[in-house]
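Try each task before you read its solution.

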Amino acid sequence: MTQSVVVQVGQCGNQIGCCFWDLALREHAAVNQKGIYDEAISSFFRNVDTRVAGDSGSISKGKICSLKARAVLIDMEEGVVNEILQGPLRDVFDSKQLITDISGSGNNTGSGLGTFLLKVLEDEFPEVYRFVTSIYPSSEDDVITSPYNSILAMKELNEHADCVLPIDNQSLFDIISKIDLVVNSGKLDTTVKPKSLVISSAGALKKQQKKPFDAMNNIVANLLLNLTSSARFEGSLNMDLNEISMNLVPFPRLHYLVSSLTPLYTLADVNIPPRRLDQMFSDAFSKDHQLIRADPKHSLYLACALMVRGNVQISDLRRNIERLKPSLQFVSWNQEGWKTSLCSVPPVGHSHSLLALANNTCVKPTFVELRERFMRLYKKKAHLHHYLQVEGMEESCFTEAVSSLSALIQEYNQLDATKSMPVPDIPRLSIAV
Amino acid sequence: MSIVTVQLGQCGNQIGFEVFDTLFSDSHSSQGLCSKRENEAYRASCKERFFNEEENGVPIARAVLVDMEPKVINQTLSKAAQSGRWKYGQHAYFCQKQGSGNNWAYGYSVHGPRHEESIMNLIQKEVEKCDSLSGFFIIMSMAGGTGSGIGAFVTQNLQDQYAHSLKMNQIIWPYGTGEVIVQNYNSILTLSHLYRSSDALLVHENDAVHKICAKLMNIKQISFSDINQVLAHQLGSVFQPVYCAEGSFHYRRNPLGDLMENLVPHPEFKMLGVRNIPQMSENSLAYSTFTWAGLLKHLRQMLISHAKMEEGIDWQVRPPLSGLPPLGKMPLNKELHFNTSIANLVILRGKDVQSADLEGFKDPALYTSWLHPIHALNVWKTQRAFSKYEKSASLVSNSQFLVKPLDMIVGKAWNMFASKAYLHQYTKFGIEEEDFLDSFTLLEQVVASYYNL
Amino acid sequence: MLPADCSRRLVAELQGALDACAERQLQLEQSLRVSRRLLRTWEPAGTLAPEARLEPETKEEDHSPACTPGPQDLKELELLTQALKKAVLARKVTSKAGERAKAPSLKSGSFATSPGMTASTPSWAPGQAGSCASEAKPTRGIRQTTVPAKGHPERRLPSAGNRARVGVGARATRPGPGLRDQHVALSAAPEAPESFTLKEKGSLLQLPTAFRKAASQNSRLWAQLTSAQPRDSTNATAAAKTYFLQQMQTASGRPGPVLSAAEVEAEVGRLQEACSLLRLHMKEELSAAPTDWTQEYRCLLTLEGLQAIAGQCLHRLQELHAALAEQPVAPCPVGRPSRAPPPCGGGAGPFWSPQLLLYSSTQELQTLAALRLRVAMLDQQVHLEKVLMAELLPLVSSQEPPSLALCRAVHSLLCEGGERFLTVLHDDPADS
Amino acid sequence: MGRRRRLVDPAAEAGAGALPKVIAALSRSLPAGPSPEIFRRAKFDRPEAPALWQLLFRLLSPRSADGASASLALEAQVCLVKSALRSQGYPRLVLAQLPEDGSRGSRELLLALSWLLARGPLPEQLLAQAHVQLGDEIPVCECEALASPGPRVPHVEAEGPVDIRCVQWLMGRLRFRWRCLIASQQEQCTLLSKIHLYTRGCHSDQRLGHLSVAETEMLRDPEGGQQGCGGGVGQSLDLAYPKSLHSGQVPEASGMMCGWCACGWVSAHPPGSLLEMQPSLCTSCALGCFAFQLLRRLERENTGLEAALEWRRGELVFWRWMDTVLGACPPEAPAAATQPTFLPRIAERGLGRLELAARELRALQEELCEATGRRRAAWEARVGGQGRGPQWSSARQALQKAVEQELAALRWAWEQDRGPARPHGPHRLVRCEDEAPGGQHLRAAEVIQALRSQEACLEAALRRLQGQCRQELARLAGALPGLIWILPPRC
């Protein structure tokens, strides 16, 4: 099983990360009841004999001794990381996995350091795929320079990431509201389930106040959970993480994937009788279920992946693809642009779930908006001096970043332009007979 | 003579298991409807071909398992071991911790060369266990990355190292609607490379087998395991022992050689399709009786009308009047419905097999004009029944069966290639545009050759 | 479509090659069957040989009479078979009784048992083969051999060797009363069957004496015949033969010996070989870079010499052609013409001489055998290549414009050994 | 054995009884040799022709004298004898004019037989070809196979034109057949080697050390009869061979011979020919016992050998007698020479081969002509200005002489057929892991070396021919505009 290392950077990154580790542990605990350290667990956890000092304590087989997450926690403030170290997950990390500083970097650790790391990783491990889950600020973001940070980060993401799953806070917030509505509407026969993935008892972090952030982080953690499930568990149609980039990224820079999770109530700890399986597939393509504000159904698909968990067979998958295909628009050269995977282990407490990843031109508006906000600020050269103080930072960095983004937008534009045009088949090689 | 099977990738390993399991169960079934002695000879023949000397009474499959991730291999090994009836060799597998990620180039240019020595050593060890080696079965998917890329690489190596041994690649043709997005690229690269290094490509289309599961086996929720079982059944029905010749009671020693000599001598025509009849769920089987005439009539119509199973055959399709050249007088659309054969192999198993009449397959109108049915039709028989079917017939056909799917794949890949989509994923690992063009050229020729039979 | 005569020639050539191959395969398969049978567990007479088991039961009866020697022999065999069956039965009973619950290596499916497992007949150890008293015994029964084996003071070996001797001996003297005794002995004292495999006990086998005698006489006679050869050339006999041949020639009314077809073929073969040798020599000569004038001159002379020889060869060939053309052609109903008579027909000399070829390992043997086939195959390929060239190249170049399909096929056949093929594309895809 | 041997030394008994005895010896040493009385009557051209035709047929077509052609109609036998004799250069045309029904010409046939006997040691050759093979024999050359006579049974030949793709198809089949053959042969090597290994120390002949397949088989299955005529062998043949080929002798023969060498008929025995056994007898005669059979055949061969020795000793008497036979013949009419005669089918294949050779030679000559022309010109340009002293001329003569010698050696190489160094003929295989048990036996390694060089030569020849074709076709391709030729990638 392919092993992966999670690098969680910044406050947001660390919060989501820890939520992910918590959920992953529960999932494995539910499946692996004998407590054997197996291939599945080894994909994201090391098994360590804590009595042995140094690196030699790793155990490759047998009983689980002490699991350590394959993770590196990075933040420039101590707060969040300290919080983790005092929480229930403290045993999953050891001190060697933590990098903190007290200097702080003013709300840009994730975007700045995180994206810088991409370049470092690329140089060091060129063969290893780099997936980035990046949270895009909403327009009402309280950090005034966030457009600058975002645009600079975008350049790094453009150049050094293999795959980016953009997520915006606004969408997460909307989804939370929807779940609340469903759960609280009382129309459905809901019961709270004792062992499911409960937001409120997620436990990784203090639960003094039920901030929407926790719920939002939980969604992202679930995204990661489903994304990696096929790498972590068995299935009749496995999908390795590297297959995602291979299948969904037709051109090196167009590696932004829109994700949607269904059914959404799997994210809540409620027992709702499953609707028809097919509904799950329909939902995945609806605007409401996207983790970014976008409407894939009315934009152009370059490629699409369906990652299914639970008791779903290949025939269900094929049937739904056939059913949904007519309503979706795929780029002319990739009319069958579907990548599918089946993981036999469903999320804890549910029968099945689906994660859809789409390489779709619908991400474009997010980028356009980002650029607009940046330009608004940049025209006035507002707050620019904060950046230019930093050694190595020059104004050209900004212009390069914005042109990189513009080029990306341009690529999407060109694809969109082909949307309504009938594309004739390109003449093939002609055999002389 | 023995055959060494190389199972590659998830698909290859899952199917490989089912194939061995089918072969084993069938040869150990007491329902062969023949004498005990004959059954023993049948079993011995099957064993010599596919299994090694037993270890503590458990035969060991003559197979090498290769995958770039351990999950499927572990699963396969333990499934076989748990059966308690047969198993895989203790050290006959090779796996790594990183898959090829659906990238043919990664499998072919990175994994292949990197692990060449280990894999070839494993194969050699397996070969050394055979008193006599007939050839290799290489089971792989066409679209994945590991199976297809490493499969193509390994086949090429086998061609270099065992030039005289026969190589048959069992290829799984992906769903037309896609399971891997770059499947058309991977497919053309796989096919074109195999066309250079393999002797025959025995193709199973996922779509076709899927339909068989749904329509004939009555399976509601079809799993890959169901599909693989049907597939293994088809392969078993071809490669289980059959008599040497009419009236002979010796089993064929080198069926692989006989098959190839009769079906794929021409370098441009190497793609084989399999059809079999009857195929049904065990429940329905209990209430069914068959006659050879009925089975063969259906099988023939399946052949000429390009049907993938016995249900939904188009009975309107008729062979062109003999004497007329197949092209020309016929309206073009009509023409396309008729499936022209180059060569066919019909395998009959079961009761009263000697009474089966194969005149229907000897009609010259079924075949391309340049080959006489004497050269083009081969029949194998045994009265030993196969897998619970009192009578069964299989057909391995080198015909236009696959030309349309191939045309589709080449066309789609070409479209993608023309927009240069995904190419960077391949050039990253050394497969350049030139290589793609070579593949396109070769396959366009194959398509044209098949169309112009 | 190829022209009819070209078609006929090519198809005949290829069919001939295919048939020759099939014939070799057939022979190989026969000897393979024998070898495989030898390596399997030897089941004693009376039980069915493994091969026979391949037959369906219904066929069983039809088969045996075909090889039954005669009424007398038939009767004997019948008796023997019965004896063996009883032995089997008795053994089954005893083993069921639990006395020998674990008989060694009795596999299901093979109801193997050994005949002649009685201790009553005199034992005979192969180790003392020299004192082979058994030859004197006129019985055509089965006697057994005891072999001192580890741990078993009286371990029995179903010695096929001995049985062979018996069979052989029986020819000289027709069966005596032994068989009936045997019968009694067999059914009276069945013993545990022992499987005999070549692998385990092959080295205990012993050839029968009568056979050894005949074989050594055979080689002595061959040696005599070979050495008698010089005597053949004693003046009188040789002269008489020569005279006879001359008389025949004279009486035929023709001046000199006529060139025979076989001779022509042989000579053509030689000339072909000459051609390739000349070519080889020319290549060497041309590839060498002369450093001084002597070498340069020598090279020039050699090339001129080669040219002259080539000319002579060609001339000779034309003569042969003329000679052939003179002879009218009449077809013959049977047989195909053979190529030149084998240079080593029945051996380098006229006689068969039992020379030895030593090999040291299976691998070496395989290499040797594979190389022999490889040489034969290459020779055939070269021959076919020439035939195809002669037939197809003129065809391709005479067509105007040449058919692309033909060109492609010809390219594949002539340049790629038929294994690969080329593709011809229109230069501009839009043109098509 | 129908006839008891009466060994008499003819040299000691020169006189009236000598001739019949010598002829009787000859008869015994030949397959199905007729009685001396037939010889005697043939001298007077009495109607004994059919027996003699049959005899000649067996002598001249030993390889096809198995079941298939032994049962040929007399007419066919006559035709084959005529053509075979002709192709060997038999001088008398009278033979050709004998009636096809084989009814007449006994004296002419006697002459033909004698002609064959006079040309070489015929009985010995026949005995050698048919010798009982006890060892696992392998010819160390491929000469025999290369001179393959082709199929015995006429098959479906192409009627009318065929498509080139059909030729490709047949070619492909041939490649597969070779590959299967190689696989089977590798298996046979493995098994053979095992048998040799397992029977180590069993052979009474110290040089051999182990048993051969035939010997082991004899021990394995002495009572073959009970198991259905040698169990597998007889049975299998029955099914594998076309029915017409089946004679009881064939299974026996191939069952015991190695056959493994795949040289086919090198070791194939003309069934029963030497053994005075009619094929029709075989299925029902006392074949039951394999060992018995083998021994009997060996003994018969010994009888044949003894007879051949006897014949050798006394043949002078025969030749003197033949003079009288020849004297009784009327001389051939000179007109016979102009009459149309038969000829074996040399035409198609023979002429084709001749043309091929001529084509090759012509091409070579052209190349040589061009090369020499260039060299000569270059040479003349070089020496043009230089003086030519006596030193020069002596050096020149020395060079000329050296070159002449070299070329003579070259010419000798093909005129002597093959070099005598290369091993030929069948050998008995002996597994011997350590040093040879004395004697100058051939070693596999030496044969392998010889074969390798042969292989290299043939490969080079093939590549050269293919290269030639490539050039030719490339030239053609160049003449076609608007097309791109994409060659398969070279592996």
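**Exercise 1. Find the order and direction of the strands in the open sheet of chain A.**

Step 1. The open sheet has three strands, in the order β1-β4-β5 of chain A, and their pairing is parallel. Strands here are DSSP E runs of at least two residues and helices are H or I runs of at least four, numbered from the N terminus; two strands pair if DSSP finds at least two bridges between them.

Step 2. Look at the edges: β1 (6–9) and β5 (98–100) of chain A each have a single partner strand, so one side of each has no neighbour in the sheet. On average, neighbouring strands are turned by 10 degrees against each other, direction ignored.

Step 3. Now take β4 (residues 71–75) of chain A, which is joined to β5(A) by three bridges. Opposite I74(A) you will find I99(A) in β5(A).

Before going on, a word on the model. It is predicted: local features need pLDDT of at least 70 and side-chain atom pairs 80 or more, while totals for chains, interfaces and linings use all residues. Residues are numbered from 1 along each chain as its sequence is written, chains are lettered from A and ligands numbered from 1 in the order written, and side-chain values use heavy atoms, without hydrogens and water.

**Exercise 2. Decide whether Y251(B) is buried or exposed, and list its contacts.**

Step 1. Locate Y251(B) in the loop between α8 and α9 (255–263) of chain B.

Step 2. Y251(B) has 7% relative accessibility, so it counts as buried; buried means under 20% relative accessible area, exposed over 50% and partly exposed in between (1.4 Å probe, protein chains only).

Step 3. Beyond neighbours within four places in sequence, the contacts of Y251(B) include E38(B), Y42(B), P241(B) and R384(B), where contact means heavy atoms within 4.5 Å. S45(B), also in contact with Y251(B), is 206 residues away in sequence but 7.0 Å away in space, C-alpha to C-alpha.

**Exercise 3. Summarise chain A.**

Step 1. Count the elements: 13 helices and 12 strands.

Step 2. Of the 433 residues in chain A, 56% are buried.

Technical notes
Axes are lines fitted to C-alpha atoms, for helices over the stretch in contact, and angles run from 0 to 180 degrees between N-to-C directions.
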